[in-house]
Every structure is written in structure tokens, then in C-alpha cells.
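Work through the exercises below with the sequence and the coordinates at hand. Each task is followed by a stepwise solution.

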Amino acid sequence: MKKLSFLMMLALMLVLAACGGADEAEPEADGGADAGETEDAGEAEAGGFTDITIMSGGEQGTYFPLGAALANNIINANIENVDAASFSSGASVVNINGIVDGDADLALVQNDIAFYAGEGIQMFEDDGALEGFQGIATLYPEVIQIVTAADSGIETVEDLVGKRVAVGDLGSGAEANARQILEIHDITYDDISEEYMSFGDAAGSIQDGNVDAAFITAGLPTGAVEALKATKDINLVSISSEKIAELAAEYPYYTEHTVSADTYGTDGDVTTAAVLAMLVVSTDMDEDLVYEITKAMFENTEQFSNAHQQGENITLDSALDGMPIDVHPGAQRYFDEQ
């Protein structure tokens, strides 16, 4: 009996061992395959794709369509394993802070605002010189347009005294331009009723009669101004060449610019001031990736032109004109090769 019991127990142990071995062997094979697939998926998620956030500007400005083209038609279409997305923002000042704070990787800004940020002056005086951003390229002229209804009676900058004036989003590049242009005409916000609003809201407010004039700094033609022109006769206020020279003497990134009559169908050409739009990038972005972005931009500039008329001014020859800050090493490497 003892021998029989022993044999039965031995047989049972062999059966259990065999069953256990089978159960372990099958998961090991499946586990090996799953582990390989999980590792590959992890690599794709962690290192295979790079997310890039681009801050542009208001939806009726020039930055917005160009930012979308940069994300979708240039970066995503030409650089593998990158997922770029552009979104609307309050433009230059907000965008610089977005790069510095790590909320964005690329941003469109005015070159004067980039200079002020790097020096810690003007609207950045309280924060001191900011770090963490570098230039990729300058792009096109950003024209300061002082827009009014044709029947407003406003013909000169001095006529803005006592009027309701949209000066751009609070702390924006357009607002800085408004302050400085008023300043050279001995006008302060105490002399006007300033209204902080986006270009689109400013145009709508002129249409509704809620403001008398608006400062709009953007590439020509600007969507907000075109939308207003479609419903109301408009006037652009000229700035004299003497005042522009005075402005440039104090703020060297201003130049004189002529808005031709056929831009918006106005009665004549208008003399005004302009700065430059530029693309800035986080200093933390990988040098090779910045190189690829710069290369994709200047080998596909027609995508900018398709998005907005100002895209025609984005060229390799002028990419470093008016560059107010250090160029990212990845972009510089591309320019050095040309």
C-alpha cells in the first residue's frame, strides 16, 4: 500500500509539473513578444516622436496663417517623427514669455520685442533680461497701420487726442508700437481713451462705432483690416518721414514703409513705420532638429506664400537682416552651409 501510495503521489507530481511547465512556457513566449512590442511602442512614444508647439497670433493677423503653414505644411510635411501644432495667442510679448516659461518651442514675434526681452528693457524692465530663446530667422516687414473709418475726421496722429483708440492687446508688440508712436507726437494715454483688444476686435469696434481708430501691427494685407474694408470705407493715417526718423533714432528697429493705395483700395499711398517679424526658438531645442526646421522652411518657402501674401518676403537672402538676438546653433549651421 505504501508503495502504491508513493507511486500515485509521484505520478500526480509529474502531471502537475507538466501542467505547470506548459502554463509557464506559453506565457513566456507571449510575454517575449509583448515585451518587444511594448518596448518598441515605448521608444516611439518617448523618443520616436517629438511634439512641437508654435505660438502664432490673433486669428485675423498675419502670424496665424503663417504659423499654421509652418506647423502643417513645412514641419509635419517634411520632418519625420515630429508632430507640430500652432495655436493663436496674444502675439509678440506673450509669445516671448511662452518660450521662456517652457509653454512653447517656437514663436512668431516682432524683432523689436525680441530685442527688448533680451535686454530687459521697455515692457520687460521689471523682469530683467530674459533668457532661453534664440533666433531662427527674420521673415517680413510688420507694418504699423493706424486704421480709422473714412468719415472719422482723423487725418493725422495728433487727431487721435481725445479719441477712443484700440492700441492692441495689453502688453503686446502692437501696444508697444502704439505707445512709442504716440510718444514721438507728444501724446500719452492720458490724452486718449485707450482700449486693449485684438486686431479682429478692434476692426469690429470701428465697424460698430465703439472705437475711433486702431493701431494694428502686422504684415500686409492684414485680415482684420480687409474684413473691415469689406463693410466700411477706411482711412490709414500717415506718419511723417521726420517723425519716423525721430522714432528710429530712439528705437533702431523701426524703418519707414509705404502702404500702397492698392493694398486696401485707399485714396493714396500712406507713409508709416515698420518693424520685422521673426521666428524665435527655445535654446533647449535640439540643434539637429532646429537645423531640419530651418532647412525645411527655406526649401519650402512657397508654403508660406500660399498661406499669406507676406510669405513672398520670406527668403534665404534676407533671413538674418535685422536679427536682434543670437541665432540658434542649428539655424546658424544651415546658413553657414549655404
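This is a predicted model: local features need pLDDT of at least 70, side-chain atom pairs count only at pLDDT 80 or more; totals for chains, interfaces and linings use all residues.

**Exercise 1. Confidence and overall make-up**

State what the mean pLDDT of the chain is, and find where the pLDDT is below 50.

Step 1. Averaged over the chain, the pLDDT is 87, and 86% of the residues reach 70 or more.
Step 2. Residues 1-46 form a stretch with pLDDT below 50. Beyond near neighbours in sequence, this stretch has five contacts in the model.
Step 3. Twelve helices and ten strands are found in the chain.
Step 4. The chain has 338 residues, of which 45% count as buried.
Step 5. Of the contacts in the chain with a separation of 6 or more, 76% are between residues 24 or more positions apart.

**Exercise 2. Helices α3 and α4**

Describe how helix α3 (residues 92-100) packs against helix α4 (residues 111-119), and list the residues that meet.

Step 1. The axes of α3 and α4 are 9 Å apart, and the packing angle is about 45°.
Step 2. Angles under 35 degrees count as roughly parallel and those from 65 to 115 as roughly perpendicular; α3 and α4 are therefore oblique to each other.
Step 3. The crossing of α3 with α4 is right-handed.
Step 4. From α3, Ser 92, Val 93 and Ile 96 take part; they meet Ile 113, Ala 114 and Ala 117 of α4.
Step 5. Sorted by class, this contact of α3 with α4 holds five nonpolar residues, one polar residue and no charged residues.
Step 6. The buried residues in α3 are Ser 92, Val 93, Asn 95, Ile 96, Gly 98 and Ile 99.
Step 7. After α3 comes Gly 102, which has a positive phi near 80°.

**Exercise 3. Helices α5 and α8**

Determine the crossing angle of helix α5 (residues 173-184) and helix α8 (residues 241-250), then sort the residues of their contact by class.

Step 1. The two axes come within 10 Å and cross at roughly 120°.
Step 2. That angle makes α5 oblique to α8, because roughly perpendicular ends at 115 and roughly antiparallel applies over 145.
Step 3. The handedness of the crossing of α5 and α8 is right-handed.
Step 4. On the α5 side the contact is made by Gln 180, Ile 181, Glu 183 and Ile 184, and on the α8 side by Lys 243, Glu 246, Leu 247 and Glu 250.

Methods:
Residues are numbered from 1 along each chain as its sequence is written. Side-chain values use heavy atoms; hydrogens and water are left out. Axes are lines fitted to C-alpha atoms, for helices over the stretch in contact, and angles run from 0 to 180 degrees between N-to-C directions. Helices (H or I, at least four residues) and strands (E, at least two) are DSSP runs, numbered from the N terminus. A crossing is left-handed if the near helix is turned anticlockwise from the far one by less than a right angle, and right-handed if clockwise. Contact means heavy atoms within 4.5 Å. Ala, Val, Leu, Ile, Met, Phe, Trp, Tyr, Cys and Pro count as nonpolar, Asp, Glu, Lys and Arg as charged, and the others, Gly among them, as polar. pLDDT is the predictor's confidence in each residue, from 0 to 100. Buried means under 20% relative accessible area, exposed over 50%, partly exposed in between (1.4 Å probe, protein chains only).
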